Structures are given as structure tokens and as C-alpha cells.
Amino acid sequence: MPANLFKVNEKEYILPGSRACQGCGLSLAYRYMLKALRENTIVTLPACCLCVLQGMYPSTPVLVPALNNSFASTAASASGLVAGLQALDRSDITVVAMAGDGGTFDMGIQALSGAAERETDFIYVCYDNEGYMNTGTQRSSATPLGALTTTTPILTKQQQKKDFIKIVEAHDIPYLATVSPAYPIDLYDKFVKAKKIKGTRYIHIYAPCPPGWTYPPKDTVKMGRLAVETGVAVLFEVEDGKFRLTGRSKTLAERGNRLPVINYVEKQGRFRKMNIEQLNQLQAWVNRKWDEYMKRTEQD
Amino acid sequence: MSKVQIMTGNQAAAVGATLSGVQVVAAYPITPQSQLAEIMSQQIEGGKLRAEYVRVESEHSAMTVCISASTVGARVFTATSANGLLYMHEQLHWAAGARLPIVMCCVNRGVGAPWTIFNDQQDSLSQRDTGWLQIYCRNNQEILDTVIQAYRIAEKVYVPVMVCFDGFVLSHTMMPVDIPDAGAVRKFLPPYKPHTILSPEDPRNINPVLFPGRRENTEGVLCDGYMEMRYKLFAALDGARDVIIETDDAFAEVFGRRHGGMLWEYMTEDADVILTGIGSIASEATVAADMLREEGVKAGVVGIRVFRPFPKEDVRRALRKAQAIVTFEKAVSYGYEGGLCSDLKAALYGTEVKAPVHGCIAGLGGRDVKARELAEAVKASLADIEDGRTEKTLWLNCFTG
Amino acid sequence: MSKRDDSISAMCTPAIGEAGKTGDWRSSRPVIDHSKCIPSLKKKAACFLCWLYCPEGVVKANIPVEIDLEYCKGCGVCAEECPPKAITMVREGTADE
């Protein structure tokens with residue numbers, strides 16, 4: 001067994017019987033995120049899958065306080081929490097804003113950019129399941145090229161995914177990291193690290209979604225792993241501007257044995273209408289991003 | 001010790017917020033509110049007010065910051081105008097639904113398109129159904145006093161309060177204002193006790209999804225469905241009337257000034273025709289009433305101070321002797337008439353007050369409204385009423401072809 | 001007659017089974033063959049990848065490993081990730097073996 005498993009906080013912060021789907025990637029990631037952040041935390045969230053996981057009135061499965069807010073307002077809500085806690089001398093509490101790709105890449109971008117520019121002392125977490133999954137798998141700007149969604153139902157998505165992490169990085173925040181629930185220890189470590197840093201921190205979770213991506217729930221970890229193995233998702237952190245590949249992505253870079261994206265694409269029903277040209281475009285996009293990361297690895 | 005200073009409406013509002021000891025301010029500048037946002041920055045940066053100022057990137061975020069800071073237990077303040085208020089619209093509903101005692105100044109301005117930076121009340125009037133209390137001021141003294149009163153009201157009924165005053169007409173006009181003693185204000189306004197629990201010691205998930213029906217918690221306690229929560233907000237606004245009146249009385253006792261509670265009256269006792277309006281246009285109407293009386297028309301004025309909750313009992317009482325009622329409004333409900341006109345008619349329906357109500361739209365986008373024009377409009381209205389024509393809304397001082 | 005909640009805004013308290021007994025969602029249940037399961041074989045804390053990867057946190061990292069079937073949604077991630085293939089998903093309504 002991985003020896004570092006024992007260092008993980010044993011306490012569970014999500015009680016059994018939540019409303020999350022079977023094999024939910026977000027659920028697995030949230031489990032380790034809360035273990036890492038522990039009790040002294042407040043989460044704020046918009047309408048999204050997490051809002052469903054957080055439960056319906058009058059019960060919640062989650063043992064950390066949470067504040068629901070409207071879709072565009074997640075990061076601004078964190079600003080309000082930070083200001084309110086500061087005014088009440090409770091700034092020891094870690095404030096976390098957490099939204100999906102819809103609430104981050106699309107509607108939440110303004111509030112997030114504003115909060116980051118103000119150097120708000122909070123952790124922003126985007127769980128990226130590459131679409132508006134809570135409302136039934138509609139296209140978002142995080143949906144990859146060639147994916148079927150309920151708003152790209154015939155032709156598939158015609159554009160590449162927005163490189164949102166670059167936009168966040170342009171805010172020169174002290175800490176930024178990408179994680180996957182397929183690598184829970186890497187995820188846990190990054191949240192532990194983020195908790196200790198002051199200022200705006202951003203963590204991006206690649207969250208596989210069985211109903212949205214159309215694969216059996218049992219394959220959630222496998223799908224997360226394949227995303228990393230193919231370079232579709234890259235695990236790294238940027239600390240005070242210093243870029244560093246981590247975990248499996250680091251190993252892949254060292255060994256040069258990244259898998260072709262077809263290995264990832266063929267396992268998901270959402271890509272069933274993808275044509276060869278799109279597949280090549282997606283592979284080229286992944287290669288270009290990967291090369292950028294390799295270059296930064298050499299430079300930093 | 002209180003002292004008199006000459007100041008603008010925006011300054012008066014800032015002094016009111018400062019005296020109220022607000023702990024978090026979030027605002028995005030917009031004409032004519034900008035000066036208010038600037039003064040609050042000066043107060044905080046200059047050390048005159050110990051508070052957090054969040055310089056947000058939008059009005060939507062301004063209200064969101066207020067919502068979250070209020071949920072953890074901080075007293076919060078914001079201000080906006082026109083399209084800024086419209087951009088907040090979603091969060092106005094959220095703040096009221098979450099029952100947060102936020103106080104916001106709306107420095108009234110017309111909304112685009114097309115653009116205007118000048119005054120009317122279309123901005124706040126169109127937020128009528130967001131669940132906020134709306135109080136309108138007629139001078140700068142009332143602005144200062146009402147901001148202080150608003151916190152006491154909001155924190156008693158757990159409903160947010162919008163303190164509205166006319167852009168430029170009040171916001172940028174200097175008037176003498178008596179500044180209340182800070183210690184007396186602290187006594188008048190006890191510290192904010194939140195009803196929300198947002199603390200790691202007692203984890204709660206606040207404002208989640210509610211079922212249509214009621215649902216038991218694990219202790220077998222039957223908890224509200226969405227509709228019960230809505231009813232509670234409705235009931236809170238209904239019950240706010242007594243708190244508003246009690247607060248104005250208590251304020252008068254300490255500071256020697258009252259602003260009328262739900263509404264104020266001017267020479268209504270023997271008036272045959274009553275002019276009504278909201279905010280500074282009602283003040284102007286008092287001058288018009290004087291003119292009309294000089295011409296032999298017994299006129300009086302009812303100034304609506306609180307628009308939500310609507311002062312239904314109060315207007316029934318104030319208008320009980322009226323033979324005719326004319327409303328002057330700086331806002332309109334397109335496709336019908338002025339909102340005040342409708343609400344007034346509804347409040348009087350089925351009561352012994354049978355006086356016809358005639359509606360005038362005036363002063364949109366800063367169009368000048370002179371007392372003389374109001375007086376002429378009253379005479380025209382009376383002629384219409386005489387002829388039984390009260391359906392048609394009069395557009396005052398407006399070329400209608 | 002149940003008591004009435006008098007809160008004026010919606011605030012949830014933590015409870016097990018917010019969505020009910022989510023074990024009911026399952027079409028297949030995980031069955032552990034302890035003769036293959038590494039912690040059972042080694043009689044010490046080891047492997048526990050089923051615990052690590054369970055999205056619901058319903059696997060207990062005990063010896064032997066236990067799964068809370070009252071709430072296990074039957075996603076099958078544990079069976080998929082088990083290195084010695086000690087967990088099999090058995091259709092509900094059929095016997096374990």
C-alpha cells in the first residue's frame with residue numbers, strides 16, 4: 001500500500017447517504033479536500049452539483065459550514081466572508097469558494113478575477129467536469145472539442161476548451177495547482193499546502209462525471225487516471241510563479257510515455273460522434289499544451 | 001453633542017452609515033452615488049470608521065459581499081443607483097430571501113436605455129417585489145436619520161432596507177443637517193445579532209435547495225418547505241409597519257425629530273384634493289398645495305415615506321376626507337400606469353374612501369418639475385375627474401404629440 | 001404531532017442519510033473475498049485502495065475491510081481498483097457466491 005496513506009486525516013467530513021451520483025468524481029475530490037482543510041473552514045458555493053451534494057433542507061451530509069449563493073457570485077461571496085470574518089476577528093477560518101466549470105470559466109469569471117486582483121485571502125476551487133452537468137450536461141466553455149452535450153447534440157462541440165488556468169495565473173496569485181480525484185494523495189497534499197499560504201489560492205480539480213461523460217460509474221478513477229496519462233489533464237503547481245509538474249504528470253514527463261488521447265476518448269460516450277479530424281485537432285491541442293508545460297519545466 | 005453642518009445628501013448618508021458603526025462596506029461607483037462610495041473610503045482609510053471596505057468589481061458583487069458578510073454577523077452597508085441597482089437585482093432577492101438586515105442607499109436615477117444620469121425613481125420602484133423594505137427621503141436630514149433607523153428596523157425584522165433618495169435633487173444639494181451624537185446613536189442602535197449560524201463550531205448549510213413540501217429533520221422536527229419560507233418573508237414585511245413606526249417614535253424621543261413613520265401629511269385636515277408622491281416630488285407638491293390654496297383650491301399632500309410594506313392603513317386614514325387624489329410619480333409601470341397610483345387605488349378599494357385617483361407621470365430622466373406645473377396638473381386632473389375621465393395617465397411637462 | 005421548526009431562513013444541520021438510505025440506489029453490491037483481500041491476508045493495515053477511492057467514504061479501513069451497505073451506492077469503483085480483484089460486484093437479488 002502507499003505508505004503515505006496513513007498521513008491522511010482519518011476523519012470523514014461527508015456523512016454517508018449524500019445526493020451525489022454514483023461514482024461522482026466531485027464527491028471523491030471533495031472528500032479529500034475537506035480532510036485536508038479540516039474543521040476550521042467555511043465553504044461558499046453557487047447552484048451546481050456541489051449544491052446537490054450539500055443536500056436539501058433541512059439536512060446536509062457535510063460537517064463543514066457552507067453558504068449557498070447565486071451562480072455568478074462565488075468568489076464575491078468569499079470576499080464577503082473574508083471581510084466579515086476580519087471585522088469580527090475570526091480571520092483564522094479558511095474561506096473556500098468552490099464552483100464548477102460553469103460557475104468559474106463562464107458566469108463566475110468576473111467575480112473570481114475581482115477577488116484575485118484584490119488579493120482576497122481565500123482558496124478558490126474549480127471542479128471541472130467539463131459541462132453544465134447539474135442541469136443535464138449542456139456545453140460550457142470547458143467542454144472539450146468533439147464532445148456531445150445536450151446543447152451540442154448533433155454536431156458536437158466545435159471549439160477547444162478554454163485554457164482557464166492561464167487566465168487565473170495571469171493574476172499572479174501566490175499558489176495555483178491542478179489535481180485529480182484519481183490521485184487523492186496528490187490532491188490532499190496540495191490542499192494542505194494551500195491552506196498554509198496567504199492570499200488568493202486556486203486549485204483546479206479535473207472531476208470525471210459518469211453521466212455527463214457517459215461511462216460506467218465504476219470507471220471514475222480510471223477515467224481520471226487516463227486524463228492524466230494522456231496529458232488531457234496535467235498535474236502541476238505554481239508557487240510564487242515557479243512552475244512544477246507533480247505526481248504522475250512529472251513521471252510521464254521524465255519517461256516520455258504519455259498515451260495518445262484516443263485511449264481516453266474511446267472510453268467515453270460523449271465522444272462517440274467525434275470524427276478523425278476532430279481527434280487529430282484534440283491531440284494537437286493536447287500536444288501543444290504539453291509542450292508549453294515541458295518548456296516551463298525546463299525554464300523554471 | 002449634536003452639531004449642524006451643511007452637507008449633500010450623499011454626505012448625509014455616509015455620516016448615517018458611519019454613525020451606525022457599519023463593519024463591512026462594499027460598493028461600486030455609479031453616478032449619482034459615486035460621492036457616497038468615495039466618502040465611505042475616506043472614512044475608513046482615514047481611520048474615522050473601523051470597517052472593511054471591499055472595492056468590488058461590480059454591483060452584483062457588492063451585494064454578494066454584503067450578503068456573505070452579513071451572514072457571518074457583520075453590519076454591512078452599500079449604495080448604488082440606476083443600472084447598478086438593476087445589476088444587483090438577483091442578489092436583492094437573495095438578500096431578502098436569506099433574511100439579512102442589509103441597509104443600502106439607492107440614489108435614485110433613471111435607467112437605460114437610452115442613458116440618462118439624471119433623477120427619477122424607475123430604478124428602485126422596479127425592485128418593488130424583491131422583498132426589501134423601501135423608505136424614501138425628502139431631505140438630507142431625513143437621509144441621515146433614516147439610515148440609522150434603517151439598521152434598527154432591519155435588524156429587528158430581519159429584512160433588508162433600501163433607503164432611497166433622489167439623485168442630484170438631494171444627493172448633490174447642500175442642506176443644513178443636524179448630526180446626532182455618536183454615543184446616543186450607539187444606544188439607539190444595539191449591536192447586530194445575526195439569526196444565521198455560519199461557524200465551524202456549529203456547521204450548517206445555509207440557503208440550500210428546498211422541497212416544495214415540508215420535510216422532517218432527523219430529530220423529527222417538521223421543517224418548512226419553500227412556500228413556508230416565502231410566507232415568513234411576506235409576514236415579516238407586513239409586520240414591519242409597527243416596527244417602522246415604533247422606530248421613528250423612539251428616534252424622535254432621543255433626537256427630537258420624526259419623519260412620519262409610514263407617511264407624512266401636509267395640510268390634509270381640511271383638504272378636498274390630495275397630492276401624493278414619493279420622495280422629493282412630494283416635497284415640491286407642498287409648494288404646489290400652497291399655490292392651489294391661494295387660488296381657492298383646498299389642497300393637501302400625503303408623502304409616501306415607506307413604499308414597501310405599502311402603508312395601506314395609513315393612506316386609508318390620511319385620505320379619508322379627500323374628494324380627489326392626484327399621484328405624481330417619477331416612475332411608470334409600462335402598459336398600465338404609475339405603480340403608486342395602482343397601489344393607492346388597491347388600498348382604497350372597498351373602503352369608505354371613494355375619492356377618484358388620477359395618476360401623473362412626472363420628472364423622468366431629470367425633467368424639471370416645478371411646483372407651478374404640479375398645481376396646473378392638479379387643476380387639469382380635477383377637470384378630468386369632473387368629466388369622469390380618470391383612466392388616462394397624464395404625462396406632465398412632456399411633449400406627447 | 002411533530003414539533004415545528006421556527007427558523008426564518010433555511011439552515012441545514014448535518015445528518016447521515018440526507019438523501020435517504022442510498023444503498024437502495026444500488027443495482028449491484030460489492031462482495032469482498034477476504035481470502036484475496038490484502039489486509040486480511042497480511043493481517044495488517046495494507047493496501048486499502050478501496051477505502052482510498054470510495055467516493056462515498058463508506059469503506060472502513062479495518063481488518064477485515066468493511067463496506068457500509070446501507071449507504072453504498074454500488075458504483076463499483078472499489079471492485080475496479082482492487083489490485084488482487086478481491087471485490088466483485090454481485091447483482092442485487094442474487095446470492096453472494
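What percentage of the 300 residues of chain A count as buried? Good morning, colleagues. I shall answer that at once: 60% of them count as buried. Please keep in mind throughout that we are looking at a predicted model.

Let me stay with chain A for a moment. Chain A contains twelve helices and nine strands. Its C-alpha trace extends over about 60 × 45 × 40 Å along the principal axes. The radius of gyration of chain A is 18 Å, and this agrees with a compact globule, because a globule with 300 residues would have a value near 19 Å. As for the contacts in chain A with a separation of 6 or more, 69% of them are accounted for by residues 24 or more positions apart.

I turn next to the place where chain A meets chain C. Here 30 residues of chain A are in contact with 33 residues of chain C. Which elements of chain C each supply at least two residues of the side that touches chain A? They are strand S1 (11-14), helix H2 (49-53) and helix H3 (77-81) of chain C. The largest share of that side, four residues, is provided by H3(C). By class, the side of chain C that touches chain A divides into 18 nonpolar, seven polar and eight charged residues.

Strand S2 of chain A, residues 59-60, pairs with S1(C) over two bridges, in the parallel sense. Within this region, A:Thr60 stands opposite C:Pro14, which belongs to S1(C).

Finally, I come to chain B, where the topic is domains. The domain assignment divides out domain 1, covering 3-188, and domain 2, covering 264-395. Taken over C-alpha atoms, the centres of domain 1 of chain B and domain 2 of chain B are separated by 27 Å. The contact between them takes 23 residues from domain 1 of chain B and 19 residues from domain 2 of chain B.

On the side of domain 1 of chain B that touches domain 2 of chain B, at least two residues each come from helix H5 (122-125), strand S6 (133-136) and strand S7 (161-166) of chain B. S6(B) gives the largest share of that side, with four residues. In terms of class, this side of domain 1 of chain B has eleven nonpolar residues, eight polar residues and four charged residues.

Thank you for your attention.

Methods:
Residues are numbered from 1 along each chain as its sequence is written. Chains are lettered from A and ligands numbered from 1 in the order in which they are written. This is a predicted model: local features need pLDDT of at least 70, side-chain atom pairs count only at pLDDT 80 or more; totals for chains, interfaces and linings use all residues. Domain bounds come from an automatic or database domain assignment. Two residues are in contact if their C-beta atoms, placed from the backbone, lie within 7 Å. Ala, Val, Leu, Ile, Met, Phe, Trp, Tyr, Cys and Pro count as nonpolar, Asp, Glu, Lys and Arg as charged, and the others, Gly among them, as polar. Two strands pair if DSSP finds at least two bridges between them. The radius of gyration is taken over C-alpha atoms; the globule rule is 2.2 Å times the number of residues to the power 0.38. A residue is buried if 20 or more other C-beta atoms lie within 10 Å of its own, exposed if 12 or fewer, and partly exposed in between; C-beta atoms are placed from the backbone.
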